[in-house]
Amino acid sequence: MDWTLTYCHKAIDSARPHFRLLKLLPAEPLGNGLRCTLDTHSFPPENVEYEALSYTWGKGPKRFRLFVDDDTFAITQNLYNALRRLRHEYKIRTLWIDAICIDQSNSHEKNQQVQFMRDVFANASTVLIWLGESNPAIETMMACSEAQDFVCSRKYKWTDEARRGMSHLIPGALCLLTKDWFNRMWTMQEFLVAKDTRLLCGSGSMLWRSFREMLIPLQDTSPSMTFNGRTRLMEDNLDKKPFGRELYSIMKLEESRKLLDFVPPKGEEEQDVWSLDALLELTVTREATDPRDKIFAL
């Protein structure tokens with residue numbers, strides 16, 4: 001790194017909830033020189049819409065430069081790639097990103113901000129799920145107009161012909177399932193509380209519900225699995241199924257979101273569906289750099 005870090009976060013008023021929002025300044029697509037400003041807002045913010053980024057930090061060092069209020073700030077390659085893809089050409093994009101919007105060098109601030117991270121994601125207009133850079137199979141899937149138009153009509157019937165027509169998109173879907181995002185602990189919470197979610201990979205973008213529908217043809221390779229009803233998956237045979245664990249993880253996310261959205265009939269009391277056993281089953285395959293996050297992220 002042949003440049004010096006000069007940006008210092010301004011202190012946040014901890015007496016009441018505040019958070020920072022990043023304004024990503026416009027530039028040519030994939031151009032160099034990422035620039036942004038960082039402003040403090042009360043939470044929840046009034047008359048301010050923002051998107052929240054759900055991603056994995058990656059294992060590499062922070063050696064990529066971001067200009068924050070004309071000062072220099074270091075970020076990881078994965079975040080650098082995400083910001084280059086997210087940047088608009090002609091307008092500002094308002095984002096919440098943990099690595100930048102929270103002063104990671106200030107333990108007191110981190111502890112305070114983590115307490116309402118769930119609310120930050122729940123309040124965002126959209127949660128953007130950045131999966132990393134793409135490959136030809138993923139690009140084919142995301143560029144396909146069928147995939148974009150495949151937005152979840154419950155009336156849609158999966159015929160054999162329809163399955164065959166989508167078969168060329170399956171390699172891309174399987175490639176996405178191997179991305180680190182699907183195995184991390186914090187990303188589960190970020191997904192579950194979101195109002196709306198969009199998958200981003202390389203230059204491609206698609207709604208989560210479109211991606212979910214595209215996984216239905218994979219029942220051909222894992223016949224005991226279904227997204228149209230309750231999960232039916234024999235745990236004993238999980239490792240024998242192609243991408244069985246990855247698909248099982250997606251299905252559990254979907255089931256958990258339905259539980260969060262469930263409203264009991266009038267006159268019935270709401271019951272707590274999140275027992276410790278249920279939470280442990282949901283997160284058993286997920287990983288965290290800090291083992292304590294296996295608890296904090298629940």
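A disulfide is taken here as a pair of cysteine sulfur atoms within 2.5 Å. By this criterion the structure holds zero disulfides. The sulfur of cysteine 101 lies 8.2 Å from the closest cysteine sulfur, that of cysteine 36, which is too far for a bond. Cysteine 101 is buried, at a relative accessible area of 0%, whereas cysteine 8 is exposed, at 62%; buried denotes under 20% relative accessible area, exposed over 50%, and partly exposed the range in between, with a 1.4 Å probe and protein chains only.

The model is predicted, so local features require pLDDT of at least 70 and side-chain atom pairs count only at pLDDT 80 or more, while totals for chains, interfaces and linings use all residues. Residues are numbered from 1 along each chain as its sequence is written, and side-chain values use heavy atoms, with hydrogens and water left out.

The protein chain contains 13 helices and nine strands, where helices (H or I, at least four residues) and strands (E, at least two) are DSSP runs numbered from the N terminus. Of the 298 residues in the protein chain, 48% are buried. Among contacts between residues at least 6 apart in sequence, 71% join residues at least 24 apart; contact means heavy atoms within 4.5 Å.

Two packed helices are described by the angle between their axes and the distance between the axes. For helix 5 (residues 136–143) and helix 8 (residues 170–177), the angle is about 115° and the axes are 7 Å apart. Axes are lines fitted to C-alpha atoms, for helices over the stretch in contact, and angles run from 0 to 180 degrees between N-to-C directions. Helix 5 and helix 8 are therefore roughly perpendicular to each other, given that 65 to 115 degrees counts as roughly perpendicular, under 35 as roughly parallel, over 145 as roughly antiparallel and the rest as oblique. The contact involves Ala137, Ile138, Met141 and Met142 of helix 5, together with Pro171, Gly172, Ala173, Cys175 and Leu176 of helix 8. By class, this contact has eight nonpolar, one polar and no charged residues; Ala, Val, Leu, Ile, Met, Phe, Trp, Tyr, Cys and Pro count as nonpolar, Asp, Glu, Lys and Arg as charged, and the others, Gly among them, as polar.

Helix 8 is mostly covered, with six of its eight residues buried. These are Ile170, Gly172, Ala173, Leu174, Leu176 and Leu177. Glutamate 139 lies in helix 5 and is partly exposed, with a relative accessible area of 44%. The C-alpha atoms of glutamate 139 and glycine 172 are separated by 7.4 Å, although the two residues are 33 residues apart along the chain.

Most residues other than glycine have a negative phi, and most peptide bonds are trans. The peptide bond from phenylalanine 43 to proline 44 is cis, with omega near -5°. Proline 44 is located in the loop between strand 2 (35–42) and strand 3 (51–54). Asparagine 47 lies in the loop between strand 2 and strand 3 and has a positive phi of about 60° although it is not a glycine. Asparagine 47 is exposed, with a relative accessible area of 84%. Aspartate 70, in the loop between strand 4 (64–68) and strand 5 (71–75), has a phi near 70°, a positive value in a residue other than glycine. Aspartate 70 is likewise exposed, at 65% relative accessibility.
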